[in-house]
Amino acid sequence: MSTAVRPVEPLLYTPEEAAEALRLGRSTVYELMADGVLAFVKQGRCRRIKVAVLKAYVESL
């Protein structure tokens, strides 16, 4: 009997991961962040985008 390991769903995405998920370019995601369209959290030098923010952006399209 093996135990199946469930992958952990990410709660935050890097801009690069968000670009991949949205099928957009990395620079486009950074522009959306700079324009305030995609809200992000910043911890030190790292920027992360919440999954809920990405879903809300897609719903607004």
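Modeller: Before we start, one convention is needed: a residue is called buried under 20% relative accessible area, exposed over 50%, and partly exposed in between. Please keep in mind that this is a predicted model.

Colleague: Which residues is E16 in contact with, leaving aside its neighbours within four places in sequence?

Modeller: A contact here requires heavy atoms within 4.5 Å. For comparison along the chain, E16 and R48 are 32 residues apart, and their C-alpha atoms are separated by 9.7 Å. With the neighbours within four places set aside, the contacts of E16 are R26 and Y30.

Colleague: What pattern does the protein chain follow when it is read along the sequence?

Modeller: The protein chain has three helices and three strands. Taken in sequence order, these elements give the pattern β-α-α-β-β-α.

Colleague: What order do the three strands have in the open sheet?

Modeller: In general, strands of a sheet pair through backbone hydrogen bonds, either parallel or antiparallel. In this sheet the pairing is antiparallel, and the order is β1-β3-β2. The strands β1 (12-13) and β2 (41-43) each pair on one side only, which makes the edge strands β1 and β2.

Colleague: Which residue in β3 is the bridge partner of L12?

Modeller: Strand β3 covers residues 46-50, and β1 and β3 pair in the antiparallel sense over two bridges. Within β3, the bridge partner of L12 is K50.

Colleague: Is T14 buried or exposed?

Modeller: T14 is found in the loop between β1 and α1, and T14 touches R47 and R48, not counting residues up to four places away in sequence. Its relative accessibility is 17%, and since the cut-off for this class is under 20%, T14 counts as buried.

Colleague: How many Å apart are C46 and T14 in space, C-alpha to C-alpha?

Modeller: C46 lies in strand β3, and at 38% relative accessibility C46 counts as partly exposed. Although C46 and T14 are 32 residues apart in sequence, their C-alpha separation in space is 8.1 Å.

Colleague: What is the phi of R23, and where is R23 found?

Modeller: Most residues other than glycine have a negative phi. R23 is not a glycine, yet its phi is positive. R23 is exposed, with a relative accessible area of 69%. R23 is found in the loop between α1 (15-22) and α2 (26-34), and its phi is about 60°.

Colleague: How far apart are the mean positions of the positive and negative charges?

Modeller: The accessible surface of the protein chain comes to about 5,100 Å², and 54% of that surface belongs to carbon and sulfur atoms. As for the charges, the protein chain has 9 positive and 7 negative ones, and the distance between their mean positions is 7 Å.

How values were computed
Residues are numbered from 1 along each chain as its sequence is written. This is a predicted model: local features need pLDDT of at least 70, side-chain atom pairs count only at pLDDT 80 or more; totals for chains, interfaces and linings use all residues. Side-chain values use heavy atoms; hydrogens and water are left out. Helices (H or I, at least four residues) and strands (E, at least two) are DSSP runs, numbered from the N terminus. Accessible areas come from the Shrake-Rupley method with a 1.4 Å probe; for residues, only the protein chains shown count as cover. Lys and Arg count as positive and Asp and Glu as negative; His and the chain ends are not counted. The place of a charge is taken as NZ of Lys, CZ of Arg, CG of Asp or CD of Glu. Two strands pair if DSSP finds at least two bridges between them. Buried means under 20% relative accessible area, exposed over 50%, partly exposed in between (1.4 Å probe, protein chains only).
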